[in-house]
Amino acid sequence: VSIWFWIKMVFVVILTGLVITARKTAADALRDGRPPPVARMRQYVHLVAVSAVGAIIAAVIAFAG
């Protein structure tokens, strides 16, 4: 197993953690009767996108050989 596989796995774990955190943040806000915090949700969206792209790039490199 190449190092790129493990880099991909790190991105996948980060991606999963970010999605869980974003969903919990939104659910907590809605439960309290207020909208989710826009600035924080925007940060989550950007970080999720970076993590997803990183995972895809690392997977392509890992499995291309």
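Student: At 21% relative accessibility, what does Asp28 count as?

Tutor: This is a predicted model, in which local features need pLDDT of at least 70 and side-chain atom pairs count only at pLDDT 80 or more, while totals for chains, interfaces and linings use all residues. Residues are numbered from 1 along each chain as its sequence is written, and side-chain values use heavy atoms, with hydrogens and water left out. A residue is called buried under 20% relative accessible area, exposed over 50% and partly exposed in between, using a 1.4 Å probe and protein chains only. Because its relative accessibility is 21%, Asp28 counts as partly exposed.

Student: Which residues do salt bridges that share partners join into one network?

Tutor: Asp32 bridges to Arg31, with the closest N and O atoms 3.7 Å apart, and the side chain of Asp32 also meets that of Arg34 at 3.4 Å, N to O. Asp32, at 45% relative accessibility, counts as partly exposed, as does Arg34 at 42%. Through shared partners, the network joins Lys24, Asp28, Arg31, Asp32 and Arg34.

Student: How far apart are the end C-alpha atoms of helix 1?

Tutor: Helices here are DSSP runs of H or I with at least four residues, numbered from the N terminus, and the expected span is 1.5 Å times one less than the number of residues. Helix 1 covers residues 3–31, and its 29 residues should therefore span 42 Å. The end C-alpha atoms agree with that expectation, being separated by 42 Å.

Student: Against which helix do the buried residues of helix 1 pack?

Tutor: The buried residues of helix 1 are Lys8, Leu18, Ala22, Thr25, Ala26 and Ala29. Where contact is the criterion, it means heavy atoms within 4.5 Å. The element that these buried residues pack against, spanning 38–64, is helix 2.

Student: What distance separates the C-alpha atoms of Ala49 and Leu15?

Tutor: Ala49 is found in helix 2, and at 40% relative accessibility Ala49 counts as partly exposed. Although Ala49 and Leu15 are 34 residues apart along the chain, their C-alpha atoms are separated by 8.4 Å.

Note on methods. Helices (H or I, at least four residues) and strands (E, at least two) are DSSP runs, numbered from the N terminus. A salt bridge is a side-chain nitrogen of Lys or Arg within 4 Å of a carboxyl oxygen of Asp or Glu.
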